[in-house]
Amino acid sequence: MDDNLTQQADEVEALSAIYGDEWCVLDEASRTYCIAVTDGQTKPTWKVCLQILLPADYPSDATPLFELNAPWLKDTERYSLSESLDQLCCENAGECVLYLLVERIREFLVDKSNAHQRKEETSMGSPSSSSDIQYAIDLAMKESADSQLFDELPVIQHGDPITDRRSTFQAHLVTPIVTTEQVKRVLRKLYENKKIANATHNISAYRICGESSDSMIQDCDDDGETAAGGRLLHLLQILDARNVLVVVSRWYGGILLGPDRFKHINNAARNVLQYAGFIETKESKSSKEKTGTGKTKNWKKGK
């Protein structure tokens, strides 16, 4: 029981740090909390208040008790969302799941917001002027070209996961990447994987050779993990890795890792870059000297 209470305290502390004022302690003695979950818009259209009660034997032998409060929520929607949250608890039995519950609700709200927006756009009617018609034609041609570009994307290669104190880190690499549009398409393809899309952070960095030999297009994204994207890009710069995109996913396990998280992000990225041949090992150097060829390693390829 003491271990459960320790895990609960760590989880609550982490959620308070992640969500700030959105996270509220209703009754610390009875371990009752609530959080207002929105669709992430500047002016949220949809909001659900999630009220949580943590049993004394959570997470080892019990799941959280929760209640959804939203006046606009229809009975069918409430039932469907509750079923989804129950299933999530069952799939992660014995683990801390509060963060997963909150993000599943947010995903539901984002989908509802997108559907509502599409409905409003459809109700506005079709373009009538010649300029609007030409714009629609140009947009369709662009989407067709983008679709062809998407089909030509290289395979996403996944590195081995690194786990520390229930947090897991895994790197994903794509090469060759030759345009920023490809970067966007690859990220969309990567996030089709629900596990990756639900990661706490997806830190990314890429470097692309420009039109001239001495120019380089490069950028990075922290995805909420402050300074992690810059560190990842710095690693690519040190290795002079070109035409490559690296994404490191982190699934938070309920325990704060401190500076160690940056070490794991860096190591996960180095491993996947080494396997792809961007880092030459002593063994590969020796093999090249003896045979004149390099070594290759089998990959776990994304679907």
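1. Of the 303 residues in the protein chain, 37% are buried, where buried means under 20% relative accessible area, exposed over 50% and partly exposed in between (1.4 Å probe, protein chains only). This is a predicted model, in which local features need pLDDT of at least 70 and side-chain atom pairs count only at pLDDT 80 or more, while totals for chains, interfaces and linings use all residues. Residues are numbered from 1 along each chain as its sequence is written, and side-chain values use heavy atoms, with hydrogens and water left out.

2. The protein chain has nine helices and 11 strands; these are DSSP runs numbered from the N terminus, with helices being H or I of at least four residues and strands E of at least two. Among contacts with a separation of 6 or more, 61% join residues 24 or more positions apart, contact meaning heavy atoms within 4.5 Å.

3. The largest nonpolar core has 28 residues, and Trp23, Leu98 and Ile105 touch the most other members. A nonpolar core is a set of buried Ala, Val, Leu, Ile, Met, Phe, Trp, Tyr and Cys residues joined through side-chain atoms within 4.5 Å. Two or more residues of this core come from each of α1, β2 (32-38), β3 (47-53), α2 and α3, and α3 gives the largest share, six residues.

4. With neighbours within four places in sequence left aside, Trp23 is in contact with Val12, Leu15, Ser16, Tyr33, Cys34, Ile35, Ile52 and Leu98. A second, separate core has 23 residues, including Leu235, Val248, Ile265 and Ile279.

5. Ala269 belongs to helix α8 (residues 260-275) and is buried, at 0% relative accessibility.

6. The largest pocket has a volume of about 610 Å³. Its lining has 28 residues, of which Asn92, Leu100, Lys195, Trp251 and Tyr252 are the closest to its centre. On a 1 Å grid over the protein atoms alone, a pocket is an open set of points where a 1.4 Å probe fits, with protein on both sides within 12 Å along at least five of seven lines; lining residues have an atom within 4 Å of a point. Grid points are joined across faces, edges and corners, and a volume is the space filled by probe spheres set on the points.

7. At least two lining residues of the largest pocket come from each of α1 (2-19), α2 (75-91), α3 (98-123), β7 (167-174) and α6 (194-197). The largest share is from α3, with six residues. The lining divides into 11 nonpolar, nine polar and eight charged residues; Ala, Val, Leu, Ile, Met, Phe, Trp, Tyr, Cys and Pro count as nonpolar, Asp, Glu, Lys and Arg as charged, and the others, Gly among them, as polar.

8. The second largest pocket has a volume of about 520 Å³. Of the 20 residues that line the second largest pocket, Glu103, Ala197, Ala199, Thr200 and Asp223 lie nearest its centre. Two or more of its lining residues come from each of α1, α3, α6 and β8 (201-209), with the largest share, five residues, from α3.

9. The structure holds zero disulfides, a disulfide being a pair of cysteine sulfur atoms within 2.5 Å. For Cys89, the closest cysteine sulfur is that of Cys90, at 6.9 Å, too far for a bond. Cys89 is buried, at 4% relative accessibility, and Cys96 is buried with a relative accessible area of 16%.
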